[in-house]
Amino acid sequence: ILSSLASQCDHVDHVRTQLPYALLVGGAAWLLCALPVGFGVPWWVMLPISAVLLVVILRIVGQPVDNVPEPMGA
């Protein structure tokens, strides 16, 4: 709530835009870290694998931003 208020964005719009990313990261953390580590795979093996997979998924599924605002003071 605070981040949507600070950016003067409607809270429902903020949740709608952030939810897919949060679900993707949460699902990847569960499938690629919590489950394998729970079954004995070392965490240091799964951490880089999950990070690379997240970057690949976001590059494939992610969409570029159309309107990038000018930085303040420029």
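**The largest pocket and its surroundings**

The lining of the largest pocket consists of Pro20, Tyr21, Leu24, Ile57, Leu58, Val61, Gly62, Gln63, Pro64, Val65 and Asp66. Two elements, helix H2 (11–38) and helix H3 (43–61), each give two or more residues to this lining. The model is predicted: local features need pLDDT of at least 70, side-chain atom pairs count only at pLDDT 80 or more, and totals for chains, interfaces and linings use all residues. Numbering runs from 1 along each chain as its sequence is written, and side-chain values use heavy atoms, with hydrogens and water left out.

What counts as a pocket here? On a 1 Å grid over the protein atoms alone, a pocket is an open set of points where a 1.4 Å probe fits, with protein on both sides within 12 Å along at least five of seven lines. A lining residue has an atom within 4 Å of a point. The volume of the largest pocket is about 230 Å³. That volume is the space filled by probe spheres set on the points, which are joined across faces, edges and corners.

Now sort the lining by class. Eight of its residues are nonpolar, two are polar and one is charged. Nonpolar covers Ala, Val, Leu, Ile, Met, Phe, Trp, Tyr, Cys and Pro; charged covers Asp, Glu, Lys and Arg; the others, Gly among them, are polar.

Take two lining residues in turn. Pro20 sits in helix H2. Its relative accessible area is 47%, so Pro20 is partly exposed. (Buried means under 20% relative accessible area, exposed over 50%, partly exposed in between, with a 1.4 Å probe and protein chains only.) Pro20 and Val41 are 21 residues apart along the chain, and their C-alpha atoms are separated by 28 Å. Gly62 lies in the segment after H3. Gly62 is partly exposed because its relative accessibility is 32%. Between the C-alpha atoms of Gly62 and His14, 48 residues apart along the chain, the separation is 17 Å.

Helix H3 also holds Ser50. Ser50 counts as buried because its relative accessibility is 6%. Leaving aside neighbours within four places in sequence, Ser50 is in contact (heavy atoms within 4.5 Å) with Leu32 and Cys33.

Next, step back to the whole chain. The chain has three helices and zero strands, in the order α-α-α along the sequence. These are DSSP runs numbered from the N terminus: helices are H or I with at least four residues, strands E with at least two. The C-alpha trace spans about 50 × 25 × 25 Å along its principal axes. The radius of gyration is 17 Å, whereas a compact globule of 74 residues would have one near 11 Å. Both use C-alpha atoms or a simple rule: 2.2 Å times the number of residues to the power 0.38 gives the globule value. Of the 74 residues, 9% count as buried.

Finally, look at the start of the chain. Ser4 belongs to helix H1 (residues 2–6). Its relative accessible area is 1%, so Ser4 is buried. Beyond its neighbours within four places in sequence, Ser4 is in contact with Cys9, His11 and His14. Gln8 lies in the loop between H1 and H2. Gln8 is exposed because its relative accessible area is 76%.
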